[in-house]
Amino acid sequence: MNMPSYPTVRLTPKGDARAIRHGFPWVYANELVTDRRTRGLTAGALAVLEDANRVPLGLVTVNPASKIICRMIDRDSEAVIDTAWFAAKLTRALIHRERIYDAPFYRLVHAEADGLPGVVIDRFGDTAVIQPNAAWADALIEPLCDALVQVTGVTTVVMNASGRARSLEGLDDSMGILRGDAPTAPIPVPMNGATYMADLMGGQKTGLFFDQRPNHAFAASLSRGARVLDVFSHVGGFGLAALAGGAGSVLAVDGSEPALALADQGAAAMGVSDRFTTRKGDAFDTLAALAEEGAQFDLVVCDPPAFAPNKSSLEAGLRAYERIARLAAVLVADGGYLMVCSCSHAADLTRFRNASARGIGRAGRRSQVIQTGFAGPDHPLLPHLAESGYLKAVTFRL
């Protein structure tokens, strides 16, 4: 068999070869020798990465248009990236998920942590949604898709190629069906005893957020007989889990009419519509209005979008978390609970928790932290890459 012939790219003497040898998966543009030959490589091309002394470190994907110019894809610099290579990665990922979950609804591939940099795959029964957030995955989408069908047996594969990560890679947004037929209706997803309706063609990201599953379960454990407020509810994430946990009533608040319609469908599928109401509106405005109405809840959950998606937005993001906690704390009955979540990797757990606690204090409430949650085990964390551990959920008792 002929060994592949890959071009080489080289770290500058300042590039941290030791970090890469120890498992860090990225090379930034200022750490690579970017001569005319390197700049001429096609976005998504494969190359052998060498240290400054020309010792090979492994096989990388290269995107001269991205700040993350190289992503480590295989420690073997002669690896052949074909359907069989993808199938081996996907099999390893699948074995882990099948051990944890008894139904095929989960994140199957969590990018770098599962050895497929920039690739997210969520599974919804016989349908899988791929987000190729890096140029190499766009270029090799066909062998990836073939391997996905071969390993999992899914019959439909949706490509949802949109979002901030792709624009950072210099890639366009696109949506399409790679295998099978487009889903014509939302797919019911069982999770924590609740039923969620996932719109795979028109919803946010891949259609549903699997990462909050353990935090939904913890909220549900606090919900028996409780009045629950689910803010930034999306398709009913925390609210439907609370109803499955025996909540007396749930009010779901979101700015998206279609998302709330899907939440209503989920409640109907569960037979709990009589205990579930929705309110469309801006979260900050709605929290203030509920306070004026004198509303009180035994559990309030706030799960906003990333207020601090990058370092430059960190201070403004922390102020937003503080404000949301202040507005929400007013609505929590004495002895009740407030769960606040952050999916901003720029805001680490300590800074996020402190901002939330400041907001609670500014509302004139005293609190104790009773639980800290993270993404579920289908969202593994690469120890060398802090960005892979983005999700935090802190529950306070007020």
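These legends go with several close-up views of the predicted model shown above.

The model is predicted, so local features are taken where pLDDT is at least 70 and side-chain atom pairs at pLDDT 80 or more, while totals for chains, interfaces and linings use all residues. Residues are numbered from 1 along each chain as its sequence is written, and side-chain values use heavy atoms, leaving out hydrogens and water.

**View 1. Five strands form an open sheet with the order 6-7-8-9-10.** Helices (H or I, at least four residues) and strands (E, at least two) are DSSP runs, numbered from the N terminus. Two strands count as paired if DSSP finds at least two bridges between them. The pairing in this sheet is mixed. Strand 6 (105-110) and strand 10 (174-179) are the edges, each pairing on one side only. On average, neighbouring strands are turned by 20° against each other, direction ignored; axes here are lines fitted to C-alpha atoms, for helices over the stretch in contact, and angles run from 0 to 180 degrees between N-to-C directions. As background, strands of a sheet pair through backbone hydrogen bonds, either parallel or antiparallel.

**View 2. Strand 7 (residues 119-124) and strand 8 (residues 127-132) run antiparallel.** How many bridges join strand 7 to strand 8? There are six.

View 3. Which residues of helix 3 are buried? They are Trp85, Phe86, Ala87, Leu90, Ala93, Leu94 and Arg97. Buried means under 20% relative accessible area, exposed over 50%, and partly exposed in between (1.4 Å probe, protein chains only). These buried residues pack against strand 5 (68-74), strand 6, strand 7, helix 4 (135-139) and helix 5.

**View 4. Glutamate 142 and arginine 179 meet in a salt bridge (2.8 Å, N to O).** The pair links helix 5, which holds glutamate 142, to strand 10, which holds arginine 179, and the two are 37 residues apart. A salt bridge is a side-chain nitrogen of Lys or Arg within 4 Å of a carboxyl oxygen of Asp or Glu. The whole structure has 13 of them. Glutamate 142 is partly exposed, with a relative accessible area of 40%.

**View 5. Aspartate 378 forms a salt bridge with arginine 213.** The closest N and O atoms are 3.6 Å apart. Aspartate 378 sits in the loop between strand 18 (368-373) and strand 19 (392-397), and arginine 213 in helix 7 (residues 213-221), 165 residues apart.

**View 6. A nonpolar core of 43 residues is the largest in the model.** Such a core is a set of buried Ala, Val, Leu, Ile, Met, Phe, Trp, Tyr and Cys residues joined through side-chain atoms within 4.5 Å. Phe124, Val189, Tyr196 and Leu208 have the most contacts inside this core. Helix 9 (257-270) is among the elements giving two or more residues, and its six residues are the largest share. Leaving aside residues up to four places away in sequence, valine 189 touches Phe105, Phe124, Ala194, Thr195, Tyr196, Ala198, Leu208 and Phe210.

**View 7. Arginine 54 and phenylalanine 232 each have a positive phi.** Most residues other than glycine have a negative phi. Arginine 54, with phi of about 65°, lies in the loop between strand 3 (45-50) and strand 4 (56-62). Arginine 54 is exposed, with a relative accessible area of 51%. Phenylalanine 232, with phi near 60°, lies in the loop between strand 13 (227-231) and helix 8. At 17% relative accessibility, phenylalanine 232 counts as buried.

Key
Contact means heavy atoms within 4.5 Å.
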